[in-house]
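Welcome! Please open the structure in your viewer and get ready to select a few residues with me.

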Amino acid sequence: MVACNNYNNNNNSNKENGELEYRLNSDDVSYSVTGKGTITTNDIVIPNIYQGKPVTNIDTSAFYECDKITSITIPNSVTSIGDCAFYECSSLTSITIPNSVTSFGDNLVVGCYKLQYNDYNGGLYIGNKQNPYLALVKAKSSTI
């Protein structure tokens, strides 16, 4: 079990007015989303490209306790979402996660009480229109 904290200190972030916060990854060819930044909308759409390079990750605790966010759309360029990325986003009702995401952190949507889940075979899932059962969030019983 991962303890969720706001690890997002954004010391290396590139933040401009009205944007999410980003960090250039160690590979120098892609970016990670590190936080909500100065964006004012509550419907977050993460772009495929930032400053000419793909956005491939959402960092640990990137949207920690962003309680005004109502929806998040993640692009196909993202392959990894860190621990507690959407922890306590209590107004979050929908999240669209593409099939490209192959790594999910722990406690991803803990405290997202309004989030709409897809119920299937004893489990609660999140995903996308083509694959609504991409990530198991919670088992409804111990027999799943």
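Are Phe63 and Phe86 buried or exposed? Select them and show the surface: both Phe63 and Phe86 are buried, where buried means under 20% relative accessible area, exposed over 50% and partly exposed in between, with a 1.4 Å probe and protein chains only.

A word on the model before we go on. It is a predicted model, in which local features need pLDDT of at least 70 and side-chain atom pairs count only at pLDDT 80 or more, while totals for chains, interfaces and linings use all residues. Residues are numbered from 1 along each chain as its sequence is written, and side-chain values use heavy atoms, leaving out hydrogens and water.

Now look at the rings. Searching the whole structure gives 7 aromatic pairs; rings of Phe, Tyr and Trp (its six-membered ring) pair if their centres lie within 6.5 Å, and planes under 30 degrees apart count as stacked, over 60 as edge-to-face and the rest as tilted. Phe63 and Phe86 make a stacked pair, 5.7 Å centre to centre with 15° between the planes.

Next, select Tyr120 and Tyr133. Their aromatic pair is tilted, at 4.9 Å centre to centre and 35° between the planes. Tyr120 sits in strand S11 (residues 118-120) and Tyr133 in the loop between strand S12 (123-126) and strand S13 (135-139), so the pair ties together parts 13 residues apart in sequence. Strands (E, at least two residues) are DSSP runs, numbered from the N terminus. Tyr120 is partly exposed, at 46% relative accessible area, and Tyr133 is partly exposed at 37%.

For a last stop, pick Tyr22, Tyr31 and Tyr50, which ring pairs link into a cluster.

Notes. Helices (H or I, at least four residues) and strands (E, at least two) are DSSP runs, numbered from the N terminus.
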